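Please examine the sequence and the structure shown below.

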Amino acid sequence: MKSDGKTMSLSLTRRVALTVVTTLSLAGVAACSGSGGSAAVPPGAPGDSGTKAADAFAGAPVAAASEILPGSTMEKIKQRGELIVGGSLDAPLLSQQNPVTGEVEGFDADLGKLLAKYIIGQPKVKIVNAASETREALLSNGTVDVVFQTYTITPERAEQVAFAGPYYTSGLAVAVKKGTTGITKPEDLDGKTVIAGANTPAIPAIKKAAPNAKIVTFGSDPECVQALKQGRGVAYVQDQSLLVADGKNEPELQVVGEPFTTDPYGIGLKHGDDQMKKFVNDWLKKTQDAGLWQQAWKNSIGTVVQGEAPTPPAIGSVPGS
């Protein structure tokens with residue numbers, strides 16, 4: 001995917017604020033989320049971020065009746081009165097449950113609420129906590145309607161699921177324990193033991209950059225971070241946006257160098273559901289044009305990244321989307 005070269009994948013490290021909003025609870029981040037579970041997302045729960053989200057949802061577009069096609073996935077969701085999202089409950093800045101309000105907050109969470117508002121007329125969402133190795137199954141068996149979970153679009157994944165978007169761009173980066181020397185770029189991982197999330201794009205990327213690296217995998221981001229802290233690998237390769245959030249919670253972690261890949265995030269849908277894919281892409285374009293995508297970014301990732309919201313990637317711009 002071409003991300004105009006201006007999105008987080010090329011500039012996050014340079015733009016990360018030195019001071020962070022300390023009220024964020026930064027438990028584990030989940031590009032590959034861990035345990036199961038689900039949470040209903042209350043629209044406009046108390047709290048500052050909830051108020052901002054509620055304000056955005058108040059003016060968010062709602063689909064015309066003619067767009068909710070008879071017998072479609074959209075009609076089923078509307079009749080149910082709730083959008084079921086495969087996502088995370090422990091991903092800071094992206095999709096994390098607030099322990100005080102119970103609201104799930106973050107960039108992915110807000111986009112899910114905006115999609116629910118578009119279909120149902122209200123931002124009613126139920127999040128089913130997904131792992132990277134279960135997302136395809138959750139979509140194919142109908143457990144979830146969509147997946148918002150830093151779900152990188154790849155041609156291989158597109159054989160199992162449909163992807164709307166892309167809606168965001170990040171990139172893989174390398175994290176080490178502070179004090180580690182000799183690792184400044186992915187090629188420096190050659191011959192070393194490297195940690196990666198199971199079933200993530202980090203695995204082929206490591207093999208390409210460092211063919212002789214020994215890769216050890218874990219099912220969730222918190223497990224990967226813990227393994228790095230325990231010295232079970234000298235480095236951890238993951239999306240830079242997630243590593244930055246990890247680093248705020250774990251000060252002994254350090255992100256080194258710039259991202260060495262460009263990874264487009266897609267909205268996962270059931271394979272072959274062309275009606276839903278077109279519907280979600282139309283919604284995404286309207287959300288971007290209305291400035292709601294940008295506001296969701298400012299309320300989440302933008303609280304720790306300096307500057308204006310990046311330009312959204314072009315919809316349908318990568319293989320598999």
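The model is predicted. Its protein chain contains 10 helices and 14 strands. Of the 321 residues in the chain, 54% are buried. Among contacts with a separation of 6 or more, 75% are between residues 24 or more positions apart. The chain exposes about 12600 Å², and carbon and sulfur atoms supply 51% of that area.

A pair of aromatic rings is described by the distance of the centres and the angle of the planes. The structure holds 10 aromatic pairs. One of them joins Y167 and Y265 in a tilted arrangement, with 6.2 Å centre to centre and 50° between the planes. Because Y167 belongs to strand β8 (residues 161–170) and Y265 to strand β14 (residues 263–270), this pair ties together parts that are 98 residues apart in sequence. Y167 counts as buried, at 1% relative accessibility, and Y265 is buried with a relative accessible area of 1%. Ring pairs also place both tyrosines in a cluster with F107, F148, Y168, W283 and W293.

The largest nonpolar core has 45 residues, of which F107, Y167, F279 and W283 touch the most other members. Helix α4 (residues 107–120) gives the most to this core, contributing nine residues. A second, separate core of 16 residues includes V174, A202, I206 and A213.

What surrounds Y167, leaving aside residues up to four places away in sequence? Its contacts include the aromatic residues F107, F148, Y265 and W293. Also among them are D108, L111, Q149, T150, G266, I267, L284 and P313.

Residues up to four places away in sequence not being counted, S300 touches L93, G106 and F107. With 3% relative accessibility, S300 counts as buried.

The buried residues are Q240, S241, L242, L243, V244, A245 and D246.

The charged side chains complete the account. There are nine salt bridges in the structure. In one of them, the side chains of K113 and E103 meet at 2.7 Å, N to O. K113 lies in helix α4 and E103 in the loop between β4 (95–97) and β5 (104–105), the two being 10 residues apart. Both K113 and E103 are buried.

K113 forms a salt bridge with D110 as well, the closest N and O atoms being 3.8 Å apart. D110 and K113 are three residues apart within helix α4, about one turn of the helix. An α-helix has 3.6 residues a turn, so residues three or four places apart point the same way. D110 is buried, as is K113.

K185 is partly exposed, with a relative accessible area of 42%, whereas D188 is buried, with a relative accessible area of 16%.

Methods. Residues are numbered from 1 along each chain as its sequence is written. This is a predicted model: local features need pLDDT of at least 70, side-chain atom pairs count only at pLDDT 80 or more; totals for chains, interfaces and linings use all residues. Side-chain values use heavy atoms; hydrogens and water are left out. Rings of Phe, Tyr and Trp (its six-membered ring) pair if their centres lie within 6.5 Å; planes under 30 degrees apart count as stacked, over 60 as edge-to-face and the rest as tilted. Helices (H or I, at least four residues) and strands (E, at least two) are DSSP runs, numbered from the N terminus. Buried means under 20% relative accessible area, exposed over 50%, partly exposed in between (1.4 Å probe, protein chains only). A nonpolar core is a set of buried Ala, Val, Leu, Ile, Met, Phe, Trp, Tyr and Cys residues joined through side-chain atoms within 4.5 Å. Contact means heavy atoms within 4.5 Å. Accessible areas come from the Shrake-Rupley method with a 1.4 Å probe; for residues, only the protein chains shown count as cover. A salt bridge is a side-chain nitrogen of Lys or Arg within 4 Å of a carboxyl oxygen of Asp or Glu.
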